[in-house]
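Let us walk through this structure together, step by step. Please keep the sequence and the 3D view open beside you as you read.

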Amino acid sequence: MELSFTQGRWNYESWGGFDPIPSSNAKPPGVELWAVFDAPQHLIDALWKNLTHTLSGLFCASINFLESSTAYSAPEWSFPPASGKLRYGTLPREAVCTENLTPWLKLLPCRDKAGISMLLDRPSIYRGFYHSQRLHLTSTGSGSEGMDPGIILEQTLTVVLQPDSQRASLAHASEKHIQRSWSLSSIFGKQISGRCVLAETSNVYFLLDRGLVAELEHIHKENEKSEENVLISEKFWNNPSFELSAKPDRIFIEESSLLSKNASVLYKFEIEKYGESEPFDLGLFWKTPVVWLCQQAPLHANRFLMGSGNERGAIAISLKSTQSSEGFMGSNSNDERCELRVDVFQVVPWYVKVYFHSLQVFVDQQPKAVSDIIEKIHVSPSKDKVSPGVMELVLTLPCSVSSAVLTIEFDKGFLHIDEYPPDANQGFDIPSAIVSFPDFHARMVFLENDSLNKSPEKSPVMSYTEVLLVPLTTPDFSMPYNVITITCTVFALYFGSLLNALRRRVAEEERFLKDKG
């Protein structure tokens, strides 16, 4: 099972899309939940309902809205952990706040009172560009790799922050072209004063991206006029381009990969040797301006709406080649037999009635036959007020492709007045589509003293598209109030006049006025 709460959208163009962080930890806005059940097929939906209610109470969120059959789907093979017993659901409009972060922190051994979790200052996290908290659970049986039966819990918090602008402007008032320097205390407002006593290990890792390492090597060779490899230099943590405030305990170098000529550098800082008297506060201070590009996925995915009005429309998924695609494809990119496989998984609500036969494919701005590009397709049409529509595609594109576009038409349905949310005029959300590249795996293998340090599991490069906002025809919600008020007014006037006429005695009034005169 995996549950994530996300605010903001991962910027794949600026923050990268090929390394393990965007492929594993970058999630769509709102809430995403998927689970694989070890139970008979006819019991899965009931178990899913119980799971959503339990998680909703634990994390103070509206996850219970995923219990409805119109809110979740069952991918067959396009979603990475796909199986016949998988359920997947999202809530794009779910707001993320401290009420969701506090239960997540309570699962940690020392919560946020000691160790690395002391850095999790709420104002610092929620004023960032992006933050996503992920909870991953794996149930292990007695026969799985000799492990005892139990549950493996993995918690990940991914945050994109910016350095303090005021401090950075004061430090580099005369050199505004240099990127901002930062430290843990300037970003989070706190320092790490030792490790959690319940933790076996507590480490801080600092990673230099492949593009940054290549740029630093280039600058070093230009300044020193030397061919010495800067990676093996002991002073790489303190070089002419930047300076670290703390000396790393170990330095790992990524194993060379066929997909990239450059290697990342990973610094390891052990927290157990720091304490209250000497807290850990890692800082990076730039000396010269450095510009580099994060490694991108083979294709950059975007999704948008076409058409106008409240009756019809179309969904378009655009795939554009990135600048680094040539390095991914290798030397055989010009070969006609070279192909790039792309998996697309998209879920649309039932009130967006998709016409799957209207699917069109354009490669390099030229229309192509669907059978020539789409190798495999699985479609589950939506049912009104029962289930959403699901489309799973396997695209086979030439390695030399520069752009590809998929379009599919739809009609906008009508909802009952009781089915509209309170903010119906804002529009209705279509969850993010998932674009994955099974032939490319996002993993990093680091070497220490010419020995393998860590070999993580292979995970395909994956990215999420934008959440679409579809305006639907909305009724005049004030009309029932208007009908009630005007009806009550008419009845009041009618019965008031009728009672006045029935109760008035005209003869007695005339006799009284005559006697009085």
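The lining of the largest cavity has, by class, five nonpolar, five polar and one charged residues. Here Ala, Val, Leu, Ile, Met, Phe, Trp, Tyr, Cys and Pro count as nonpolar, Asp, Glu, Lys and Arg as charged, and the others, Gly among them, as polar. A cavity is a set of points, on a 1 Å grid over the protein atoms alone, where a 1.4 Å probe fits but cannot get out; lining residues have an atom within 4 Å of a point. The lining residues are Arg9, Tyr12, Gly17, Gln296, Ala297, Leu299, His300, Ala301, Thr322, Ser463 and Tyr464. Two elements, strand 13 (299-306) and strand 25 (460-464), each give two or more residues to this lining, and strand 13 gives the most, with three. Strands are DSSP runs of E with at least two residues, helices are runs of H or I with at least four, and both are numbered from the N terminus. At least three lining residues come from each of domain 1 (1-162) and domain 3 (299-325 + 336-470), with domain bounds taken from an automatic or database domain assignment. The largest cavity holds about 80 Å³ of space, and six cavities of 30 Å³ or more are counted. For these volumes, grid points are joined across faces, edges and corners, and the volume is the space filled by probe spheres set on the points.

A word on what you are looking at. This is a predicted model, in which local features need pLDDT of at least 70 and side-chain atom pairs count only at pLDDT 80 or more, while totals for chains, interfaces and linings use all residues. Residues are numbered from 1 along each chain as its sequence is written, and side-chain values use heavy atoms, with hydrogens and water left out.

Now step back to the whole chain. It contains 12 helices and 26 strands. Of its 517 residues, 43% are buried, where buried means under 20% relative accessible area, exposed over 50%, and partly exposed in between (1.4 Å probe, protein chains only). Among contacts (heavy atoms within 4.5 Å) between residues at least 6 apart in sequence, 73% join residues at least 24 apart.

Next comes the second largest pocket. A pocket is an open set of grid points with protein on both sides within 12 Å along at least five of seven lines. This one has about 880 Å³ of space. It is lined by 28 residues, and those closest to its centre are Phe65, Ala71, Leu91, Pro92 and Tyr351. Strand 3 (72-73), strand 4 (86-91), strand 15 (339-348) and strand 21 (428-430) each give two or more residues to the lining, with strand 4 giving the most, four. By class, the lining has 16 nonpolar, seven polar and five charged residues. Why does the second largest pocket lie between domain 1 and domain 3? Because both domains give residues to its lining.

What about the interior? In soluble globular proteins, nonpolar side chains tend to be buried together. A nonpolar core is a set of buried Ala, Val, Leu, Ile, Met, Phe, Trp, Tyr and Cys residues joined through side-chain atoms within 4.5 Å. The largest such core has 42 residues, of which Leu299, Leu319, Val342, Leu393, Leu395, Leu397 and Phe437 touch the most other members. Strand 16 gives the most to this core, with five residues. A second, separate core of 26 residues includes Phe188, Ile192, Ala246 and Leu284.

Helix 4 (98-106) shows buried residues too: Asn100, Leu101, Pro103, Trp104 and Leu105. They pack against strand 1 (2-7), helix 3 (44-59), helix 5, strand 5 (130-140) and strand 6 (150-160).

Finally, visit some loops. Arginine 111 sits in the loop between helix 4 and helix 5 (122-126). Its phi is near 50 degrees, a positive value in a residue other than glycine. Aspartate 364, in the loop between strand 16 (352-363) and strand 17 (366-368), also is not a glycine and has a positive phi of about 55 degrees.

Proline 240 is in the loop between helix 8 (210-224) and strand 9 (242-244). Not counting residues up to four places away in sequence, proline 240 touches Lys287 and Thr288.
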